[in-house]
Amino acid sequence: ALFARNTEDWILDDVAREAGVAKGTLYLYFKSKEELIAGVVEELMHHIATDFEAGRADTRTPLEELQLLTTILLRHADQNKEFLFHYVNPSEVDKVFARQQKDNPCLGMVGRIRRLLDEAGRQKLIQADDHEYLAIAHMSLIRAAMLEKMLTKGQWNLEDKADRVMNLLLRGVGGRLPAILLAGILASGAWLPPVRAEKPGVLLA
């Protein structure tokens with residue numbers, strides 16, 4: 001697939017040929033590779049948001065919603081890992097959306113996560129105060145989980161990995177681990193052992 005190759009190794013003509021569409025049709029929608037990459041990001045975030053809205057009716061608390069969103073993000077990231085690792089540079093993607101005068105959907109996803117954390121804080125399910133930082137850390141942990149899978153090439157259970165991301169995010173950044181230890185975990189990609197709470201979020205408050 002094209003997205004398994006470096007960006008300098010293909011051009012839009014290659015995309016048109018692999019997709020089976022006329023070059024002129026593709027160029028009507030995307031004037032450059034950067035615009036194409038941004039378009040894929042936009043479509044990916046749309047699917048994630050759609051899946052989340054479809055499942056959130058079965059959740060009871062903002063932390064259950066965040067658990068659901070974490071699982072959905074991991075599933076879509078796994079399905080698109082070559083694209084995400086090769087091409088999604090947050091600052092470059094942000095520049096493309098700025099040139100198009102469009103909102104960056106990645107920032108929109110961070111905002112969605114922050115709002116869930118805000119509500120969890122209001123309900124006293126978490127103790128952390130800097131929810132913006134937590135939301136950014138959450139997206140970084142999703143990427144770290146993908147990196148772990150690619151490096152270890154081992155068994156990888158989606159629900160277990162979502163539990164680990166949530167535990168590291170909330171038990172670590174939320175005040176249970178010293179900041180220097182947390183920094184080391186984030187840098188190394190190491191993981192805390194999964195801890196399942198009978199009621200999501202109760203042990204964190």
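Contact here means heavy atoms within 4.5 Å. This is a predicted model, in which local features need pLDDT of at least 70 and side-chain atom pairs count only at pLDDT 80 or more, whereas totals for chains, interfaces and linings use all residues. Residues are numbered from 1 along each chain as its sequence is written, and side-chain values use heavy atoms, with hydrogens and water left out.

View 1. The protein has 10 helices and zero strands, where helices (H or I, at least four residues) and strands (E, at least two) are DSSP runs numbered from the N terminus. Among contacts between residues at least 6 apart in sequence, 67% join residues at least 24 apart. Of the 205 residues, 41% count as buried; buried means under 20% relative accessible area, exposed over 50%, and partly exposed in between, with a 1.4 Å probe and protein chains only.

**View 2. Helix H4 and its crossing with helix H3.** Helix H4 (residues 62-79) and helix H3 (residues 33-55) have axes that come within 10 Å and cross at roughly 140°; the axes are lines fitted to C-alpha atoms, for helices over the stretch in contact, and angles run from 0 to 180 degrees between N-to-C directions. The contact is made on the H3 side by Leu 44, His 47, Ile 48, Asp 51, Phe 52 and Gly 55, and on the H4 side by Glu 65, Leu 68, Leu 69, Ile 72, Leu 73, Arg 75 and His 76. H4 itself is mostly covered, with 14 of its 18 residues buried.

**View 3. Asp 163 and its partner Gln 67.** Asp 163 is found in helix H9 (residues 158-176) and is buried, with a relative accessible area of 11%. The side chains of Asp 163 and Gln 67 are joined by a polar contact of 2.7 Å, that is, a pair of N or O atoms within 3.5 Å, of which, within protein, one must be able to donate a hydrogen and the other to accept it, and residues adjacent in sequence count only if both atoms are side-chain atoms.

**View 4. Lys 124 in a loop.** Lys 124 lies in the loop between helix H7 (105-122) and helix H8 (131-152), and with 65% relative accessibility it counts as exposed. Most residues other than glycine have a negative phi. Lys 124, although not a glycine, has a positive phi of about 60°.
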